[in-house]
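Hello,

Here is the structure I promised to pass on. Please open it first, then read the notes below.

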Amino acid sequence: MSQPPQPPNQPSADPPGSGNDSGSDGRPAERGDSSGAPQPSQPPQPPQSAAPPQPSPAPQPGPGPDLSKQDGPAAPPPAGGPPPPPPAGPPPAAPPPAGSFGAPAPPPAPGYGYPQQPPPAPGYGYPQQPPGAAGYGYPGQQPYGQPGQPYGQPGQPYGQPTQPYGQPGQPGQPYGQQQYAMYPPAPGAGPGTPPGGGQGARQRLMIIIGAVVAVALIAVSGIWLASGDDEGGKEKDEAGNSQPDGGGDKGGTGGGTGGPKGDAGVPAGEKPAKTDAELLFTVQQPEVDDVVVVEGLWAAGGVVAKGSVDSVIGVTADGGKEKWKLPLAGNICWASRQISEDGKAAVLFQEKKIGGDGRYQPCTRVAVFDIATGKKEWEKQVGSGDEKIRFDEVTIGPGVVAAGGLNGGAAWKLDSGKELWQPDQASECKDSGYGGGKALVAVRRCGSYSSPRLEVQKIDPSSGKPEFSYKVPGGVDYAHVISTDPVVIGIDAGDTVGAGMSDVIALDDKGAMRSRISTGNGKYTARCAATDVEDCKMIVVDEDSLYMATEERESQTEDYGRTNEVVAFDLDSGKPRGKAEAGGRRVMTPLQMDGDKLIAYMEPTYDMGGQIMAIDPKSMKSTVYLKNTKSTAQTESAFRPSLNVQVVYHGGRLYLGRMMISERSSADDYMMLAYGGK
């Protein structure tokens, strides 16, 4: 999700305060753009009589590299046949009472003779109108990792958005959000457009579009939650976090045994005792007047830690009561995707807070903290001449914390912060970044900036020396680390509709290609942020298999709705070996491994909450671990994995957190949700 880096030592062309300080996913960009994006505080304008302009179409990918060494498996064809006729209309839903909590006050009626206003926008998730008939203010949300025009692509100024892939005639419709996604279709509504995505650089314009839309979605979600899920019996702590009666940690171990005090206590791979899940608590977003990155979501030791504004906060896992707050010198730029075995996490953040002039602050500081206590273990910067090295990402590997980027990199001991090594900046090859977890893997960029050659190296965490090196096929500009044990990478070889990845390559212990798996030009929904090394989601790897979800298709067993399945691929052969169907009108996404089980998230519908499914990797049979209440399905739908959201299942509970926030539109703009059995 990072902006495509400039050539080393090339200064930014944008003056401070030019409005080019952020990337498409909300992280502050280190290099400016010329998007001329509007400020996020500006409300959307009502549509004019003319049809709204369509974004420029995405450029067609050029011929990709030769990957014919091993052909990928053919993707299973989607079920054919026309969808059955839709029902007469959506189920009736009572509007929230006037003045209810979270509901905005209606504007006064205009005077006699005032021009007619367009009809109010339907609630989020209501069936889409035909093109050109959408109500005022009904936006779509920017999909995760889907920026616009690639950096340096001729024919369009850098920073201009492109039409999201697979969405002709449906401007603003988010990836994976089909016409029937939340409500059944209205009479005469056509079938939903197929899912898709785009590729390119991180851009401020796309951030602001996504942020404005997110605000709109949150506002509607707040109305739904206020009318459909009474919080009158809950109290809020000083941070405004909503908690059950009495709030906070009750001092017990929750509903099970074997976990840390205050946690749910459900051992990894085991089914929770209570599968009917309620909205346990929410964390309200802080007040901001711009787009702010709030990456980071970790759970350990009975505490859930969440990145916030110039800080990381920790709340109790069973009640959401704020337990600690770790102040940072500036905003978060990146958060480690892993935690250490002893419950430590890492963040990369800015040199200092952004002042009133909006001047961009470089991402130079790395800190490690304890998730359970909030204690900062250490904080480091690395000098390069008279300046500090700017990093793009940070990760945690075996006993090591590594930060990287084309401006330089460094690695420190996890426990003490002692510097272990730095990559050779005089070399022709630069370390773009690192993937962590059970091992440490580097992506190296060699040669000229315009025609790079990529290498993937498994490296010794203590010395930085390569254990093996794999040369990525020519013509590939970016590679992504999906797994480090086994080593699995994603590349965009050109034959793709977007999502930053056309092929998945598994390597063996010696660095040779083990198998290649195609994402089927959009048939599978796994995605990686366009230029980042360690930022892939909706794809899971275990010792011998890889799991991806298929694109959505019309359900053949229901009168309306869409469905898909999760497919398992053998890493030795690269061929599909089984699948788990979502069934009905549900859509399922793989999240993570939990013990020996694959955890998948079933997205909510208009009348059903989301679900956590545990899939047996051998039989691909599914078991319900959590079944979320339908009373908050509308709020939950704004936290789908395909958006700029992080999703974590831990200890029998589900946590969903935003990766960026913008100016609040209501008192019910949530930064995090937590579900679990009571």
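Start with the contacts of lysine 323. Beyond its neighbours within four places in sequence, lysine 323 touches Val303, Gly314, Val315 and Ala372. Keep in mind that this is a predicted model. Lysine 323 belongs to strand β8, residues 322-327. Its relative accessible area is 51%, so lysine 323 counts as exposed, the cut-off being over 50%. Threonine 373 is 50 residues away from lysine 323 in sequence. In space, the C-alpha atoms of lysine 323 and threonine 373 are 8.0 Å apart.

Next, the aromatic rings. How many aromatic pairs does a search of the whole structure find? The search finds 8. Take tryptophan 421 and tyrosine 434: their ring centres are 5.8 Å apart and their planes stand at 75 degrees, so this pair is edge-to-face.

The cut-off for buried is under 20%.

There is also an aromatic cluster, made up of Trp298, Trp324 and Phe369.

Last, charges over rings. Arginine 445 has its charged end over the ring of tyrosine 478, 4.9 Å from the ring centre. Arginine 658 lies over the face of phenylalanine 639, and the distance to that ring centre is 4.2 Å.

Best wishes

Methods. Residues are numbered from 1 along each chain as its sequence is written. This is a predicted model: local features need pLDDT of at least 70, side-chain atom pairs count only at pLDDT 80 or more; totals for chains, interfaces and linings use all residues. Side-chain values use heavy atoms; hydrogens and water are left out. Helices (H or I, at least four residues) and strands (E, at least two) are DSSP runs, numbered from the N terminus. Buried means under 20% relative accessible area, exposed over 50%, partly exposed in between (1.4 Å probe, protein chains only). Contact means heavy atoms within 4.5 Å. Rings of Phe, Tyr and Trp (its six-membered ring) pair if their centres lie within 6.5 Å; planes under 30 degrees apart count as stacked, over 60 as edge-to-face and the rest as tilted. A charge sits over a ring if NZ of Lys or CZ of Arg is within 6 Å of the ring centre and within 35 degrees of the ring normal.
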